Structure formats: C-alpha cells, structure tokens
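Try each task before reading its solution.

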Amino acid sequence: MRVSTSSPAATPADDDSIAFGWIALGATSVVFHLGLIFYGLTPALVSRPLHMALLLPWILVYMANTPAQRISGCLLTVLGIAACGYIAVNESALADQYGFIDTHLQMAIGLFLIALALEAARRAIGWPLPLVALLALMYGAFGQYIPGTFGHPGLPLPSMIGTLTIAEGGLWGSLTGVSVSVVAIFVIFGAVLNAGEAGQGFMNLASAVAGRLTGGAAKVAVISSALMGSISGSASANVASTGAITIPSMVRLRYPRSLAGAVEAVASSGGQIMPPLMGAGAFVMVELTGTPYTQIMAAAMLPAVLYFLTVWVGINAYATRHDLKPLDESERPGGKEVLITSLFFAIPFVLLLERIFNGGYTPQYAASIAIFAGMALLIFDVTLRVSLSGFARRLSEAAVTAGRQIAVIGAIILCASLVVGVLSLTGLGVKITSGILSLSNDMLWPALLLTALACLILGMEVPTTAAYVICVSVAGPALISLGLEPLLAHLFVFWYALLSTITPPVCGGVFIAAGMVGENWLKVALKAMALGIGLYIIPLAMVANPDMIQLAFNPSGALLGALKVAVGLGAISYGVIARKALWQRGALIAAGGILIFVI
C-alpha cells in the first residue's frame, strides 16, 4: 500500500505508525458509512458534512506529492474538519435558517467550504471539473450583468452561499447523499472483493471460458474486464488491474501491440456501463430519475451485453487480419482452481442479488450484507487454507483502498454538486435546454446529436459520472420534452459521457493501455474506436429500439429488440474491421445500419 511520510529520514517504526494511521482512517470511513445503513435515519446536515470531513485527509495529505502539498494539505484538512464539524454540530439551528446566512462566521465558513471543495477536486482529478464549477459559481454571483436571455435577475450573496453550504442544496444536496449512502457502500464492496482472491477468480473464469478460442487472450481480457468492471466501475483502474495480466499474454502470443492495448482499453471502459456499479452512475441515476435501482440494472443490462458482444465480434474480425492465437493450455487454469477462486466473488455476488431481488432489501443494505460475507472470505487464501496473518493484511488493504476510493469519488461529486446547485438557483439549465431545442428545431435526432457532442466535449476533461450529471442536468429536460422517456434520456447521456475514454484527443483508458503495451497511443486509439464502435451506436440504437431497455417489464420484446440490434452491430463491426473487399464492407455496414435504425 502507499505510505506517505513527512520526512525522508523517517524510521521503519515511523513508517509503520503512519501506515497504521491510514489503515485506521480507512477503517473509520468503512465503519461510518456502513453504520449509517444500520443506524437508521441521520440528518443530511450531519452525515454529509462528516462524509466530506472523512475524505479530506485522503485527498489533501495521502495523495500529496510534495512536502509543500503535504503541509498545506494538513492545514486545510484541520480547518476543513472544523468547518464540516460546525455544520454537523449546528444542524438544527442551520435547518431553521432555510439557506440564508446571517453571521460573518457562517459566511466565512461557507466561502471556505466552497473553496475547499474546489481544491479537493483539483488535487483528486486535476483542474477541468473545478474550473467548470468555478465558472458556474461566477455565473451565479455575476450573471445579472450578462445581457439577454442568459442573464439572471441576481442572487443575494448570503442566500447563494447559504443555499450551497448550510442547507440541503449544493454541497449537501441529493448527489452528495447518494455518495454517502450508496456509492460508498458499493466502493467498500469492491475494495473487499479486490483485496481477496476475487480478481484471480475473474481471470480464471475468463480463461476457462474463452482461453481456448481464436483470439482467446483478447477474449479473456473482454470477459475479465467486464467482470472486474462490474465492481470497480473505473476504466483506469480496470486497465491497470486486468491489463497487467492480459496485455503481456497477448503480446507473448504475438498479437499486434496496438491491438493488445486497444482490447484492454475498450473492454475496461465497458465496466462503467456494466451493472451493478456502473461507475457510481446507476446510483446517481436512481436519485435523478426516481427509478428503482433494480429497474436501472435491468434497463442497462442488455445494452451492456451488446457492447461486449460487439467487442467480441470485432476480435473475430481482427482474426481475419492477424493470427490471433488462443491461450496456451499451460496458461489455462484447471477446473478445480476455477471453481475455488470463483467462490470468492460468486458468494458475495449471489448474496447481493438474492437480498435485492428475493429479500426485497435496498441495494445498499444488500451490499452491506455481501460486504460482511466478503470480509469473512478474506480469512482464506487461494487454496482455502485459513491464514490469520493474511486476513489482517487483506483487511488492511481493503480499508485503505475503500477509504481512498470513497474520497476520490466523494470529491468529484461534491464539486459537481456545486454546479448542479448553481443551475438550480439561476435557472441556467432551463435556458440551455431552450437553446438545445431551438438549435435542433424541436426535432429529436438533431437534439440527440447535439447532446452527444456536448457529452463528448465535457467528458474529455471531466470524469464520467460528473460529465453525466452536468450534461443530463442541462440536456436531459430537452430530450424528455421531445418525447424520450426519462430513463432512456439518462442512459443515453450516461453512455455518451463515456466516449472520451477511447476517443481522441483525450482518451484516458487508451493512454494507460498504450503506456503498458509500449505502443503509440494514436494507433491504440484508432483500433479501440473500431473495436468499441458499439459505444457510439448503442445509445442511438436504444432510442430507435426503446423496447431494448424494457427487460423488467417486457422481457420477450426486449430480447427480440436486442437480438436485432446485435445482428446489426455485428455486421457493422465486421464491415469496419474485417479484411474484405471495400464493397463487401460497405454492404455490411449499410445492412447493419438499416437493421438497427430502419427495420
């Protein structure tokens, strides 16, 4: 695990005490968030500020790269915890102020909390998202000086700052509530599984299923990344974890390096659209649409399967260009090994789904039960032998990983919440919606394309979940007013917020994979765009075939619609990639398009 030290002369004992401090802080974060599930109702102005207080040390101190950052981080952390503590301790009195600041101290605390949220997001993920939030804040403060439609009447500063910092809006709004009560729980779930043998179980199952097929090493990457991504929800983390195994395997079998990197980047990006976690997007979607989590999982399932199926077809198409060999038999695990290692993820997953669908519990409660099952499994090693020392090490690793990941996602959501808060206060979202409707001439498909372009541009600089939240806040109402069902509009925006993971010029998953494989990133990106063509087409296919997301209500219609789209996607993928005559490729692409969008 990563250990931060404040001095290069730190002794091993110092290192151990610092490491123990981070383990203890991670455990505190885990206990706090799990405790909220079992404790009962906790006021939002208590749980959400404490959530922010817990994430500050991870972002500002643990992730510090220089002594200056560490010193400033320690100071900001102390002040930030005090400010968050003030909100939590005075929750009852602040609730009676209805978001209006009436003392200089409260104004100072409010301004500091906003600045701290921006700085935490900057240190966690860089400048782009904080800059978007800063522009939104400036619009809220000075938008009355903008002439024309996009100006606003003006907001009293005490009211604006108060709504964003001492009321259940802005920093402590519903998005932060999702981060506290749902996202954090599933992050802990993923951290516990990854600390044990679940990751090896994913790899072994994938190797057993696909290793012997043509392009087997690439198909192992697809299956393992889909499984791993379903709990990690992060394209970058997925590339780094599964790619460390799959990329060397493909290179060793003499796959083109650009193809090896592209396969891993595309497969790992799909983790953010694969239920149950969907990169925290599913839980944000629950809050924004009011749709039950189980229905969102059902709606997202078939499109996600189609995405990975299209990648699979693309690998077969590349096999017409290159000799894509299966995995050597010596690299494929035996049946007993597959069975044993699969238990480490199968037991918690089955328990999670059983508690949701059969027990009728909320997703966060079901995940909490599955977390305890996953923790119990940490006592066993890969041979099912009990190891107490291994249990302590794996539990410590899970605590640190969970604490850090909760902090990063929390920092992103807190910053995005400021943008949503300003949009709500000023009515800017309604004005942008009107602009989209005007530019599209009140026609759905031009509005869809405008929205897709906005998602691509914003997603280049902002994490997927934040890009989705901001885009759907301004474009979602326009799409819904043009006849799109709310859940379909949200899924459309969420998918296109993911485009930037494989689309130049900013394609994070491709950059990481290209670095791991040692190939020019643009070559990797071009192959990734061809393999991942489903990412560009499937959102539009969902609009053209809305039955496809109705698995929970019309299973036969959903499956028939998905089958038609699958055939069309397969034809397009083969036409784009396979070594065929130009007219044959054109015919395949045209036939696929007609099947998806016309018939």
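**Exercise 1. Decide whether Cys74 is buried, partly exposed or exposed, and find out whether Cys74 is in a disulfide.**

Step 1: Cys74 has a relative accessible area of 37%. Buried means under 20%, exposed over 50%, and partly exposed in between (1.4 Å probe, protein chains only), so Cys74 is partly exposed.

Step 2: A disulfide is a pair of cysteine sulfur atoms within 2.5 Å. By this rule the count is 0 disulfides. For Cys74, the nearest cysteine sulfur is that of Cys84, 16 Å away.

A word on the source: this is a predicted model, where local features need pLDDT of at least 70, side-chain atom pairs count only at pLDDT 80 or more, and totals for chains, interfaces and linings use all residues. Residues are numbered from 1 along each chain as its sequence is written, and side-chain values use heavy atoms, with hydrogens and water left out.

**Exercise 2. Describe the surroundings of Thr165.**

Step 1: Thr165 belongs to helix α7, residues 157-165 (a DSSP run of H or I, at least four residues, numbered from the N terminus).

Step 2: Its relative accessible area is 0%, so Thr165 is buried.

Step 3: Leaving out residues up to four places away in sequence, Thr165 touches several residues, including Ile87, Leu113 and Trp172 (heavy atoms within 4.5 Å).

Conventions
Helices (H or I, at least four residues) and strands (E, at least two) are DSSP runs, numbered from the N terminus.
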